[in-house]
Structure formats: structure tokens, C-alpha cells
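Open your viewer and load the model. Keep the selection tool at hand, and follow the stops in order.

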Amino acid sequence: MRSRLHRALELLDWLDERSIPLGELTQPELETRLEEGPEKHREVRSFVTWARGRGLVGELVVPRAPVAASSVFSTDEDQAEHLQRCLGDDALPLDVRTAGALALLFGLQYTRLLELTVHDVIDDDTVVALNLGGHRLPLPPEVAQLVRALRDQRQKRWQLDQTASTTPWLFPGRSPPVLSELPTST
């Protein structure tokens, strides 16, 4: 909040230096201000929205910052190497190996992995699968071995200390955020 207030004051100072009343600020002038300064100048969005809502400025819009396209991509060989490390490097923690293997093989997002409980591991002694929102995802044998080991480890730890959490999460750490609690960009 302090940063937003500071950016609003900077914008007002900039307007004052140019003898431009706030009510006469135009979209091209606002965009000039945003482009000439650092990225933090875009933090005036809430101020401009507030001023527009009170009729202090015209129909000004603070455009979103352009998102730079990624210029670094991993190759298939890199991903295969990382997967082999997840499957075979016992020096890595079990939860890291398991999460890495699931993300590399199936493209599962880490936020989705954090929602998994030990009960989402379906194991009928022949096939191990994950319950992902009511859908069964069968796992290849090496990944199944990791998931089984993590499930067993987490289940034992949860049974020892059920007071710490009422849910036996598959991956250790804090409870996953509820979707409605995630920050949204404005």
C-alpha cells in the first residue's frame, strides 16, 4: 500500500513539473510516463482506477506490462536427464524426486501436487495410479515405486502426529492454498 501511495505521489509530482492538472492527463501522456520510467511506475494502476471512479480523470487505463517471452527452453535431452536423476539419485530427498518425476512426465503443476493426499494414491498391488480430480492417472513402474515410498513415509509420519494436520498430505509442508485465497493480479 505504501509503495502504491508513493507511486501515486510520484505521478502527481511528474504532472506538477509539467504543469498538467490531474483532470487533463491524457492517455498518451500517461503512457509516456509509464514507458520512460522503471517497471514500478505501473503501480499507479490502483490510483488511476480510483481517480477515474471519482471522476477526477478521464477514461485512462494503465496498460499491463508486456510479458517477455521465455528465451530459455529445456531440450528433450535436458528433461530426460532430469527425469533420470529424479528416478535414480538417492541423494535427492524423496519428495523432491517424486514431485520432479511427476512434473517432468505428466506436466503436473506443483500447486496441483500439493493438493494430493496419501489417499489419492491408488495401489492395487499391480498398478499404482493417482486420483487427480476423479481421474485415474496410471504411473509407470519406476514412478510408482517413488510414489509408494513417499505415500508410506508420509502416512507413517502423519499417524505419529495427527494433531499437526487433519489431512495426510502426500507432499510435506504447509497445507495447499485454497484457490480463492490465491493472490490475483489486477
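**Stop 1: the whole protein**

Remember that this is a predicted model. Color it by secondary structure. Trace the chain along its sequence, and the pattern reads α-α-α-α-α-α-β-β-β-α.

Now show the surface. The protein exposes about 12,500 Å², and carbon and sulfur atoms supply 54% of that area. Of the 186 residues, 31% are buried. Next, think about contacts between residues at least 6 apart in sequence: 47% of them join residues at least 24 apart.

**Stop 2**

Select residues 2-17, which form helix H1. Then pick Leu5, Leu9 and Leu12. These three make a nonpolar patch on the surface, with about 270 Å² of accessible area together. Zoom in on leucine 12, which sits in H1. Its relative accessible area is 32%, so leucine 12 is partly exposed.

**Stop 3**

Go on to arginine 18 and glutamate 17. Their side chains form a salt bridge, with the closest N and O atoms 3.4 Å apart. Are the two partners buried or exposed? Arginine 18 is partly exposed at 39% relative accessibility. Glutamate 17 is exposed, at 63%.

Take one more step, to serine 19. This residue lies in the loop between H1 and helix H2 (27-36). Phi of serine 19 is near 55°, a positive value in a residue other than glycine. Serine 19 is also exposed, with a relative accessible area of 65%.

**Stop 4: a bridge between H1 and H2**

Select arginine 33 and glutamate 10. Their side chains meet in a salt bridge, 4.0 Å from N to O. Arginine 33 belongs to helix H2 and glutamate 10 to helix H1, so this pair ties together parts that are 23 residues apart in sequence. Arginine 33 has 10% relative accessibility; buried means under 20%, so arginine 33 counts as buried.

Together with Glu10 and Arg33, they are linked in a network of salt bridges. The count for the model comes to 10 salt bridges.

**Stop 5: glutamate 43**

Stay with glutamate 43. Where is it? It lies in the loop between H2 and helix H3 (45-53). Glutamate 43 is partly exposed, at 31% relative accessibility. Leaving out residues up to four places away in sequence, glutamate 43 touches Ser3, Arg4 and Arg7. Now use the distance tool. The C-alpha atoms of glutamate 43 and alanine 8 are separated by 8.0 Å, although these residues are 35 apart along the chain.

**Stop 6: helix H3**

Select Arg45, Phe47, Val48 and Ala51, the buried residues of H3. They cover an arc of only 165° around the axis, which puts them on the same side of H3. What covers them? The cover includes H1 and H2.

**Stop 7: helix H4**

Move to residues 76-88. At 1.5 Å a residue, the 13 residues of helix H4 should span 18 Å, and the end C-alpha atoms are 18 Å apart, which agrees. Color Leu83, Cys86 and Leu87, which are buried. They cover an arc of only 95° around the axis, so they sit on the same side of H4. Turn to the other side of H4, where Glu77, Glu81, Gln84 and Gly88 are exposed. Here is the background: an α-helix has 3.6 residues a turn, so residues three or four places apart point the same way.

**Stop 8**

Select arginine 97 and aspartate 90. Their salt bridge has its closest N and O atoms 3.0 Å apart. Arginine 97 is buried, with a relative accessible area of 8%. Aspartate 90 is exposed, at 64%.

Next is threonine 98, in helix H5 (residues 94-106). At 1% relative accessibility, threonine 98 counts as buried. Which residues does it touch, not counting those up to four places away in sequence? They are Leu146, Val147, Leu150 and Phe171.

**Last stop: threonine 167**

Finish in the segment after helix H7 (141-160), where threonine 167 is found. It is partly exposed, at 24% relative accessibility. The C-alpha atoms of threonine 167 and leucine 116 are 9.9 Å apart, and 51 residues separate the two along the chain.

Technical notes: Residues are numbered from 1 along each chain as its sequence is written. This is a predicted model: local features need pLDDT of at least 70, side-chain atom pairs count only at pLDDT 80 or more; totals for chains, interfaces and linings use all residues. Side-chain values use heavy atoms; hydrogens and water are left out. Helices (H or I, at least four residues) and strands (E, at least two) are DSSP runs, numbered from the N terminus. The expected span of a helix is 1.5 Å times one less than its number of residues. Buried means under 20% relative accessible area, exposed over 50%, partly exposed in between (1.4 Å probe, protein chains only). The arc is that of the directions from the helix axis to the C-beta atoms. Contact means heavy atoms within 4.5 Å. Accessible areas come from the Shrake-Rupley method with a 1.4 Å probe; for residues, only the protein chains shown count as cover. Patches are made of residues with over 30% relative accessible area and no salt bridge: like charges are joined within 9 Å, nonpolar side chains (Val, Leu, Ile, Met, Phe, Trp, Tyr) within 5 Å.
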